[in-house]
Amino acid sequence: MSTAGGGVGARVVSTVGPVLIIGSGLLGASLGLALRAGGVGVYLEDASPTSLRLASDVGAGCPFADVMDEAGIAREELGGAAPGYEAPRIVVVATPPDVADRVIVDSLLRFPGAIVTDVASVKGTVVADVLAALDQAGQTDHASRYVGSHPMAGRERSGAGAADADLFYGRPWVIVAHESTSPRAVLAARVLATDAGAVPLEMNAGVHDHAVALVSHVPQLVSSMLAARLVDAPAQALGLAGQGLRDTARIAASDPRLWTTILAGNAGPVASILRDLRGDLNDLLTHLDAAAELGPLRGGSVGAINRVMTAGNRGVARIPGKHGGAPSRYREIEVLIPDEPGALGRLFSELGESSINIEDFVLEHSAGALAGVARVMIDPAVADRCVADLQERGWRLITY
């Protein structure tokens with residue numbers, strides 16, 4: 001047991017290495033950084049030599065091939081031991097979903113003493129393909145060492161260059177066992193998730209895949225389809241873009257290749273939710289077309305729009321708040337931020353001096369503006385004092 005440092009403070013690490021991470025992209029490299037910060041030995045493998053070297057150079061682990069070469073270990077001897085070499089105790093498959101099943105099966109056979117998990121964002125097809133491949137090969141006895149998992153973490157940028165040891169901190173990490181998974185494998189995956197700073201929870205594959213379709217996969221598609229409307233938009237329209245468009249289109253910058261494999265692998269649940277969305281959209285279009293023909297207050301458009309907006313209000317109110325559970329209601333203070341070095345840092349510093357905790361924060365910009373708008377969310381109980389302190393310090397606040 002060791003202690004990890006990092007940007008979120010020290011934490012106890014219980015995972016016993018070495019851990020082999022296959023796939024050195026954002027998730028794999030971030031996990032490597034988190035484990036190494038706690039003193040866990042990490043090996044890395046990747047089909048791309050360039051990606052592997054980058055992950056190694058940022059400190060995510062040592063290339064597994066280098067370790068084998070130094071110890072004089074051949075592939076068929078990977079499960080054994082030699083001077084300078086210790087077989088992986090845990091293998092984490094961090095490849096795209098469309099190849100994860102093959103890598104998982106290969107890992108189970110290469111390392112007969114290791115627990116094998118994967119971090120693919122689709123679980124149903126991966127688990128089914130792994131079990132089918134083991135059955136076909138007559139190797140079903142290895143299935144007990146495999147447990148699926150999925151950390152609910154990521155960002156628009158991909159690759160080891162965007163890796164962060166704290167990427168998983170405070171995020172859910174879903175453990176997806178199958179009917180043959182051993183308790184030892186489940187425990188190892190839970191400990192791994194906890195050591196990365198995540199919050200482990202267990203689901204079956206079907207529940208997981210429908211859940212991520214709703215909260216992750218369909219939002220990605222909707223954002224991408226909205227952003228696609230901007231491709232041929234006139235420059236005058238883009239010049240009017242505000243924070244609302246930036247917020248809804250932000251994840252449209254995600255890696256198309258990765259998301260193609262994710263969405264194709266979870267096609268059933270994604271399609272089901274899209275059909276529900278299409279039904280709502282068709283109903284709204286019917287009433288909007290009628291209003292366009294008959295007049296804005298005719299054709300039932302007012303009621304249809306209100307239904308959509310009200311349903312959206314009810315839905316967003318169910319999204320867990322900052323600390324889990326029901327979302328907290330904060331007071332929003334809008335402060336003009338000059339577009340100059342140190343301005344935002346000064347605002348944060350002076351709020352701290354006033355003992356004001358920033359519960360959430362958004363910075364808005366308008367094209368060509370010499371200042372941005374900082375939307376600072378704070379505890380309503382200290383809002384009046386916060387406003388008075390900021391105005392006394394010379395900050396310009398937007399009031400309504």
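Trainee: Which residues in α7 meet which in α11?

Mentor: Asp 209, His 210, Ala 213, Leu 214, His 217, Val 218, Leu 221 and Val 222 in α7 meet Pro 269, Val 270, Ile 273, Leu 274 and Leu 277 in α11. Contact means heavy atoms within 4.5 Å. This is a predicted model, where local features need pLDDT of at least 70, side-chain atom pairs count only at pLDDT 80 or more, and totals for chains, interfaces and linings use all residues. Residues are numbered from 1 along each chain as its sequence is written, and side-chain values use heavy atoms, with hydrogens and water left out.

Trainee: At what angle do the axes of α7 and α11 cross?

Mentor: Roughly 60 degrees, and the axes come within 9 Å. α7 spans residues 205–228 and α11 residues 267–294. Helices (H or I, at least four residues) and strands (E, at least two) are DSSP runs, numbered from the N terminus. Axes are lines fitted to C-alpha atoms, for helices over the stretch in contact, with angles from 0 to 180 degrees between N-to-C directions.

Trainee: New topic. How many aromatic pairs are there?

Mentor: The count is 4. Rings of Phe, Tyr and Trp (its six-membered ring) pair if their centres lie within 6.5 Å; planes under 30 degrees apart are stacked, over 60 edge-to-face, the rest tilted. Tyr 43 and Phe 64 have ring centres 5.0 Å apart and planes at 25 degrees, so they are stacked. Tyr 43 is in strand β4 and Phe 64 in helix α3, 21 residues apart.

Trainee: Are Tyr 43 and Phe 64 buried or exposed?

Mentor: Both are buried. Buried means under 20% relative accessible area, exposed over 50%, partly exposed in between (1.4 Å probe, protein chains only). Ring pairs also link Tyr 43, Phe 64 and Phe 111 into a cluster.

Trainee: Backbone next. Which peptide bond is cis?

Mentor: The one from Gly 17 to Pro 18, with omega near 5 degrees. Pro 18 sits in the loop between β2 and β3.

Trainee: And what is phi of Ser 355?

Mentor: Near 60 degrees, a positive value in a residue other than glycine. Ser 355 lies in the loop between α13 and β14. Ser 355 is exposed, with a relative accessible area of 61%.
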